[in-house]
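Please look over the fold below. The report covers the sheet first, then the cores.

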Amino acid sequence: MPETESREIEDVASLVTYGWGAIPATVRIGETAWTTSLFPRNGRYLVPLKDAVRKVEDLALGHTVDVELIIQL
């Protein structure tokens, strides 16, 4: 995640984390949505991307994508 969005997530992290800083979220890229956890790393958050999503959305290393996140409370 970009720095600005990662800071916004950090603002609510203590309210929603279930341990180790992991943040439960629903993620959407294109027409594909799934439930996962965001993980803190070097001041930002990583969004795990399933192989199935990469295939369906025709994504490859280096692609830039729009990501919709819903943080689970």
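What follows describes the strands, the helix and the nonpolar cores.

This is a predicted model: local features need pLDDT of at least 70, side-chain atom pairs count only at pLDDT 80 or more, and totals for chains, interfaces and linings use all residues. Residues are numbered from 1 along each chain as its sequence is written, and side-chain values use heavy atoms, with hydrogens and water left out.

**Sheet**

Four strands form an open antiparallel sheet, ordered β3-β2-β1-β4. Strands (E, at least two residues) and helices (H or I, at least four) are DSSP runs, numbered from the N terminus. Strands pair if DSSP finds at least two bridges between them. β3 and β4 are edge strands with a single partner each, so one side of each has no neighbour in the sheet. β2 and β3 pair over three bridges. R41 has R44 in β3 as its bridge partner.

| Element | Residues |
|---|---|
| β2 | 32-41 |
| β3 | 44-46 |
| β4 | 68-71 |

α1 packs on the sheet and touches β1, β2, β3 and β4. Contact means heavy atoms within 4.5 Å.

**Cores**

A nonpolar core joins buried Ala, Val, Leu, Ile, Met, Phe, Trp, Tyr and Cys residues through side-chain atoms within 4.5 Å. Buried means under 20% relative accessible area (1.4 Å probe, protein chains only). The largest core has seven residues: I9, A13, V16, I23, A25, L38 and Y45. α1 (3-16) and β1 (23-29) each give two or more residues to this core. α1 gives the most, three. Y45 touches residues including I9, A13, I23 and L38, not counting residues up to four places away in sequence. A second, separate core of five residues includes V27, I29, W34 and V53.

Note on methods. Buried < 20%, exposed > 50% of the residue type's maximum accessible area, 1.4 Å probe, protein only. Axes fitted to C-alpha atoms, helices over the stretch in contact; angles between N-to-C directions.
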